[in-house]
Structures are given as C-alpha cells and as structure tokens.
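These are my notebook entries on a structure that I am opening for the first time. I set down what I looked up, entry by entry.

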Amino acid sequence: MLPEFNLLTPQTLAEALDMLAESAPDAVPLAGGTNLIVDLRDRRQCPAVLVNVAELAELRGIRQENGHVVMGGGTTIAEMLNDPLIAQHAPVLQDAARIFANPLVRHRATVAGNLVYGSPAANTPPPLLVLDAEVELASQAGVRRVPLDDFLVGVRETACRPAELLTAVRWPTPAQHSAAAFRKVGLRKSDAIAVLNVAVRVTQRADGVCEQTRIALGSVAPRVIRARAAEESLLGQPLTETAIAEAARLAAEATRCISDIRGSADYRRRVTEVLVRRLLTQVAGEVK
Amino acid sequence: MQPKVVTLNVNGRQHYVALMPNVTLLHALRDLGYTDVKSGCEKGDCGACAVLLNGAPVNSCLVLAWQADGAEIVTNVGLGTMDRPHVIQEAFADAGAAQCGYCTPGMVISAKALLDRCPHPTEAEIREAIAGNLCRCTGYGQIIEAVQLAAERMSEGSGE
C-alpha cells in the first residue's frame with residue numbers, strides 16, 4: 001500500500017511548474033515512477049503532492065538544434081534506445097540504455113528521472129558527462145542551464161531546486177573524429193545496479209594526437225565523476241599504450257570507492273583502471 | 001486525498017472506476033477481476049504484473065491507475081483464454097513452460113511485446129526480452145523454447 005498523497009495532472013508545462021511552485025517543497029514530479037513509486041512504497045519519500053508530468057508533450061522528443069542534440073527530459077530509456085538521432089550522434093548513450101534495468105522498466109523510466117534521482121550508480125550520467133551534456137531546469141522563474149558536471153552533487157543530491165523540473169538534456173553534436181565507449185560492471189547482466197561503470201570519449205587529430213578526452217566514472221564516488229587529471233594527461237599526445245596506461249592509473253586515483261554488497265573498494269579501484277585502459281584503447285582504434 | 005473516476009480500457013472493455021490517487025494500476029486491475037495480473041515484488045524487479053500499456057510492456061505496479069486514465073491496457077487474458085488461447089499461450093503449455101504459473105502471465109506479455117516488433121527473435125533477443133520477468137521454478141529453458149515455438153507457429157500463419 002502506498003502512503004496518501006494528492007496527485008495533480010497538469011495539461012501543460014506551465015501548469016506543471018505552477019503546481020510544483022504552489023506546493024514546494026512538498027511536491028515531487030512523477031513520470032515513469034520506477035524510482036519514486038518504489039520509494040513511496042518503502043516510505044523513503046513521503047511527498048504531500050505528486051505532479052504527474054508523464055504525459056507532457058513539452059518533455060518529449062529528440063531533435064537537433066544549433067549544433068546540439070536536445071532530448072526531452074521525459075524521453076524514456078526505451079525511446080532513447082530506438083532513436084535514430086541518438087544512434088547517429090550518441091551511440092555511447094545507447095550502450096548505457098541497452099543494459100538499463102530491464103525492458104519493462106525501460107519503457108517507463110525517463111532520462112530526467114535517472115538524473116534527478118542522483119544515484120552514483122545511475123547508467124545515463126557517465127555517457128552524458130563525456131558528451132559534455134547540460135540539463136535544462138525550468139521553474140516559474142524561467143529556464144536555467146546547468147552543466148551536468150555541476151548538476152551532480154552527491155548521493156541522492158543534485159543542483160535541482162524545489163519547484164524545478166528537469167525539462168531537457170542537451171549536448172554539442174560530437175565531432176566526426178570523436179569516438180566514445182561505455183562499459184558497466186554488474187553482478188548479472190540485467191536488472192543489476194552497477195558495481196562500477198565507465199564512459200570515455202576521445203577526439204583525435206588526423207595524425208593521432210589527442211585533442212580532447214573525457215573520462216567519467218560511476219559508482220566509485222558519492223556522485224558520477226570526471227577523472228580530470230587523467231583527461232588532461234592525454235592532451236596533445238598520441239594515444240600510445242604508455243599514455244593510456246598512465247591515464248588509466250590517474251583515473252583510478254580519482255576514485256573515492258567504498259566497499260558494499262556489490263564489491264569492495266579495492267576491487268572497484270583496480271577494475272576502474274582496467275576498464276579505462278580498455279575503453280581508451282578501443283576508442284583510440286576507432287577514431288578516424 | 002479524494003477519489004476520481006478514471007477510464008480503464010482493459011482487453012477491449014471500458015471500465016469507469018472511482019479510485020484514490022495512491023492506487024497502482026496493478027491493484028486497480030486485480031480489483032476489477034483481472035487476477036491474471038500478479039502481484040509479486042511490487043518494485044519493478046519481477047515482472048509478474050506486466051501488462052501492455054498503449055502497446056508497451058510495463059510493470060503495472062509502478063504505474064498509478066490515474067496515470068493510465070484513458071489508456072489501452074492488455075493483460076494476459078486479453079490475448080487469449082482457456083477456450084481460445086493465443087498462440088503464445090498455447091506454446092507455453094506445449095513447451096511445459098509453466099510450473100507454478102505465477103510468472104507466466106507476465107512472461108506471455110513480454111513475449112507478445114517482443115514478437116510484435118521482432119517476429120523471428122534470436123535466443124539472445126528472447127532472453128533480453130524476458131530479462132524483467134523472474135521465474136523461480138521451471139527455469140528459463142522451457143520458457144525460451146516456448147517463445148521460439150510461438151514464433152515458428154506465428155510465421156507459419158497458424159497464429160493471429
């Protein structure tokens with residue numbers, strides 16, 4: 001049995017923002033419910049008001065706009081997985097979507113929900129971080145854009161304020177000579193919370209020199225992190241075995257792992273190094 | 001908390017039912033008599049409560065009934081009955097894919113969603129499609145055989 005709450009169903013985004021403002025901070029947006037309904041049931045969250053944003057047209061759709069890919073916050077993981085624009089410009093995001101929970105959950109869970117929930121083990125933040133994504137946060141006061149790297153704060157903690165709604169995620173359309181990869185380690189293939197996950201993206205010049213690197217690590221710190229020292233170590237260098245090994249070592253150093261039911265801190269640190277090395281080696285070969 | 005009358009279109013039948021906002025689609029359906037929709041974990045792990053919601057396979061335990069207002073819902077019995085089974089249901093029986101039967105309605109729903117978009121699935125695709133449905137008795141071997149059998153029979157035209 002779920003606790004008592006009022007459920008409001010706005011017809012437009014403006015109406016939804018009014019409802020959230022009116023009842024803040026006791027109002028929470030509800031979309032796919034794959035986290036929220038479970039939390040309500042376990043009494044981990046007991047908001048007085050839920051605002052059902054699942055049907056809002058303003059939160060749907062994936063499009064290109066001024067050199068960016070813009071994805072509505074209400075995009076489900078299943079939609080992301082089947083979208084041709086994402087397949088073309090952000091296959092790394094589909095790699096993360098493909099192993100997201102299970103098909104039944106993927107048809108309900110949204111990208112906004114996955115980000116706002118603030119789990120360090122979430123699947124979409126590592127690929128979105130390496131894509132340099134920003135989130136759009138709407139409220140009665142207007143819309144502000146926040147880099148995802150600033151949006152993620154800690155365990156279940158984000159920069160989203162009460163009465164704000166994450167309406168879209170956007171990132172610059174990646175350059176042709178850029179390649180990315182994602183890998184999750186779980187205790188089983190489906191329905192697994194990540195022991196750790198890693199995403200990388202590399203942009204190389206024709207002569208093989210690295211122009212830009214992004215390395216994002218999940219489940220190895222209170223939030224999904226960028227391994228900045230590792231990224232910088234590769235700048236202006238060809239991606240040799242030695243350079244990659246050094247970057248992988250630096251990435252493992254950036255972690256602040258804990259031991260829990262899914263794995264020990266030591267295991268996470270070691271596997272972070274291995275995965276970063278493998279993924280960088282993989283993309284170094286892919287970049288044309 | 002106030003009730004609201006919502007319209008649930010279940011297996012082609014329209015129901016107008018007064019429900020509180022905190023009632024999940026799972027319990028609304030069961031209270032309407034659709035007890036083929038099973039209550040398992042109620043947190044999206046087991047898939048026993050799977051239904052098609054506007055054609056998409058979802059866990060009905062994670063949908064509030066108000067969110068399904070006006071939607072088309074198909075449960076296992078909407079596909080076929082004992083007298084007139086769906087080819088997937090028949091294949092489950094023929095392959096011995098049901099033991100206690102608790103997971104079967106959800107498995108059938110996930111299989112239906114798969115075969116709708118992918119009539120000739122590989123074994124890997126079948127495993128992936130039922131990844132959100134837990135079986136705790138027969139194991140998955142016969143269930144996968146059942147889906148393969150259903151796919152064969154459907155492509156032979158003996159199905160719908």
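How far is the sulfur of B:Cys49 from the closest cysteine sulfur, and in which residue does that one lie? I find it in B:Cys61, at 3.7 Å, which is too far for a bond, a disulfide being a pair of cysteine sulfur atoms within 2.5 Å. B:Cys49 is buried because its relative accessibility is 4%, where buried means under 20% relative accessible area, exposed over 50% and partly exposed in between, with a 1.4 Å probe and protein chains only. A:Cys257 is buried as well, with a relative accessible area of 13%.

Before going further I note that this is a predicted model, in which local features need pLDDT of at least 70 and side-chain atom pairs count only at pLDDT 80 or more, while totals for chains, interfaces and linings use all residues. Residues are numbered from 1 along each chain as its sequence is written, chains are lettered from A and ligands numbered from 1 in the order in which they are written, and side-chain values use heavy atoms, with hydrogens and water left out.

Next I looked up B:Asn133, which I found in the loop between α5 (123-129) and α6 (141-155) of chain B; helices (H or I, at least four residues) and strands (E, at least two) are DSSP runs, numbered from the N terminus. B:Asn133 counts as buried, at 2% relative accessibility. Its side chain reaches the backbone oxygen of B:Gly47 at 3.2 Å and that of B:Gly106 at 3.2 Å. Leaving aside neighbours within four places in sequence, I list among the contacts of B:Asn133 (heavy atoms within 4.5 Å) A:Leu104 of the other chain letter, together with B:Cys46, B:Met107 and B:Tyr140.

I then turned to B:Ile109 in helix α4 (residues 104-117) of chain B, which is buried with a relative accessible area of 0%. Not counting residues up to four places away in sequence, B:Ile109 touches residues including B:Ala50, B:Pro57, B:Val74 and B:Leu79.

For the nonpolar cores, I took sets of buried Ala, Val, Leu, Ile, Met, Phe, Trp, Tyr and Cys residues joined through side-chain atoms within 4.5 Å. The largest has 37 residues, and those with the most contacts inside it are A:Ile86, A:Leu115, A:Leu128, A:Phe151 and A:Trp171. Helix α5 (residues 91-98) of chain A gives the largest share of this core, 4 residues. Apart from it lies another core, of 36 residues, among them A:Leu30, B:Tyr34, B:Ala65 and B:Ala68.

I also looked for charges over rings, which require NZ of Lys or CZ of Arg within 6 Å of the ring centre and within 35 degrees of the ring normal. A:Arg156 lies over the face of A:Tyr117, at 4.0 Å from the ring centre, and B:Lys4 lies over that of B:Trp66, at 4.5 Å.

My last entry concerns the backbone. Most residues other than glycine have a negative phi, and most peptide bonds are trans. The peptide bond from A:Ala24 to A:Pro25, however, is cis, with omega near 0°, and A:Pro25 sits in the loop between α1 (13-23) and β2 (27-30) of chain A. A:Ser219, which is not a glycine, has a positive phi of about 65°, and B:Glu42 has a positive phi near 55°.

How values were computed. A polar contact is a pair of N or O atoms within 3.5 Å; within protein, one must be able to donate a hydrogen and the other to accept it, and residues adjacent in sequence count only if both atoms are side-chain atoms.
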